[in-house]
Amino acid sequence: MERTVLLDGGLSNQLEAQGCDLSDALWSARLLADGPGQIEAAHTAYVRAGAQVLITASYQATFEGFEKRGIGRARAAELFARSVRLARRAAGAVDREIWVAASVGPYGAMLADGSEYRGRYGLSVRELERFHRPRVEALAAAGPDVLALETVPDIDEAEALLRAVEGCGLPVWLSYSVAGDRTRAGQSLETAFALASGHDRVLAVGVNCCDPSDADQAVRVAAQVTGKPVVVYPNSGERWDAGGREWAGAPTFDPGRVRAWEDAGARLVGGCCRVGPETIAELAGLLGEATAGEGKGGSTVP
């Protein structure tokens, strides 16, 4: 991966900008059933901003979560597949190559109580693997280009996810959520990133859903420890209040950071929560005309 690939930004904030209510425990995954057109429109906004990778609306989609809403396993599997199809359709808005990355969020996202920012759920690696494997299989069957194992708060869940994707036939990226120089669960980044070193299926390792300032060191450590391309897509810098279910503070995301991230080894860059199409367009401009334009060009996937 010689050139830097531009990811999209936060799907939820774009959906909210379109007038969607995401107060439900299923969050954006609810719209897979109730408002698929809104999801496609949100993806399209990022494609038109210059994104080369669309991350599906499956972050909070789980068989267990859908079951609580009376949605059976067969219908839930259809919704997983729909998340990939919607991104594929949005990719058709421009005449250039677009990856579709199927989002595999952490176990804590299903709980909808902020647990994904803490980890250490009291479950074993084997139990977490059993939770993740069915949804990994459902998403892989839908034919995305890559699986995004994202917002992972601790090493146990990372290990479970890497086990769950064995045999899926797709490349993956592994992206931790971090605070300072530690995972959300308090483990060292060196130990966390080293877990991916021996996995050929892992095309990139890095961080997302973190403060932009925490991404700087994490990119360097990920590159040094694994020798792999680094993926980095932090939040805007605002803080999520899980209890109040709202964002607070001012954004600190500076698109100019992309140069330092590239120099440190980042090859997939973008934004997560509260980073919208306008910021992605700024990143596209910084990364050059091959990424920002709508003609053919840029990096080849994967």
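Predicted model: local features only at pLDDT ≥ 70, side-chain atom pairs only at ≥ 80, totals over all residues.

Q: OK, how many helices and strands are in the protein chain?
A: The protein chain has 13 helices and 12 strands. Those are DSSP runs numbered from the N terminus: H or I with at least four residues for helices, E with at least two for strands.

Q: And what is the radius of gyration?
A: The protein chain comes out at 17 Å, close to the 19 Å that the globule rule gives for 302 residues, so it is as compact as a globular protein of that length. The radius is taken over C-alpha atoms, and the rule is 2.2 Å times the number of residues to the power 0.38. Along its principal axes, the C-alpha trace spans about 45 × 40 × 40 Å.

Q: How much of the chain is buried?
A: 58% of the 302 residues count as buried. Buried is under 20% relative accessible area, exposed is over 50%, and partly exposed is in between (1.4 Å probe, protein chains only).

Q: Which contacts link residues 24 or more positions apart, as a share?
A: Such pairs account for 77% of the contacts with a separation of 6 or more in the protein chain. A contact means heavy atoms within 4.5 Å.

Q: Charges next. How many positive and negative side chains are there?
A: There are 31 positive and 40 negative ones, and the centres of the two sets lie 4 Å apart. Lys and Arg count as positive, Asp and Glu as negative, with His and the chain ends not counted. Each charge is placed at NZ of Lys, CZ of Arg, CG of Asp or CD of Glu.

Q: Now the sheet. What order do the strands have?
A: It's an open sheet of 8 strands, ordered β1-β12-β9-β8-β5-β4-β3-β2, with parallel pairing. At the edges stand β1 and β2 (53-55), each with a single partner strand, so one side of each is left without a neighbour in the sheet. Two strands pair if DSSP finds at least two bridges between them.

Q: What joins β1 to β12?
A: 2 bridges join β1 (residues 5-6) to β12 (residues 266-269), and V5 has L268 as its bridge partner in β12. On to β9 (residues 230-233): 3 bridges join β9 to β12, with V232 partnering V269.

Q: And β4, is that strand's set of residues buried or exposed?
A: Buried: 7 of the 7 residues of β4 are, so it is largely enclosed by the rest of the structure. β4 (residues 146-152) is joined to β3 (residues 99-104) by 4 bridges, with L149 as the bridge partner of V104. Another 4 bridges join β4 to β5 (residues 172-176), where A148 partners W173.

Q: Where does A33 lie?
A: A33 is in α2 too, which covers residues 30-34. A33 is partly exposed at 28% relative accessibility. Beyond neighbours within four places in sequence, A33 contacts R75, L79 and R82. A33 and R75 are 42 residues apart in sequence, and their C-alphas are 9.4 Å apart.

Q: Last one: which phi value does R120 have?
A: Phi of R120 is near 50°, a positive value in a residue other than glycine. Most residues other than glycine have a negative phi. R120 sits in the loop between α6 (107-111) and α7 (125-141) and is exposed, at 52% relative accessibility.

Q: And R274?
A: R274 also has a positive phi, near 75°. R274 is in the loop between β12 and α12 (277-287) and is partly exposed, at 34% relative accessible area.

Notes. Residues numbered from 1 in each chain as written. Heavy atoms only, no water.
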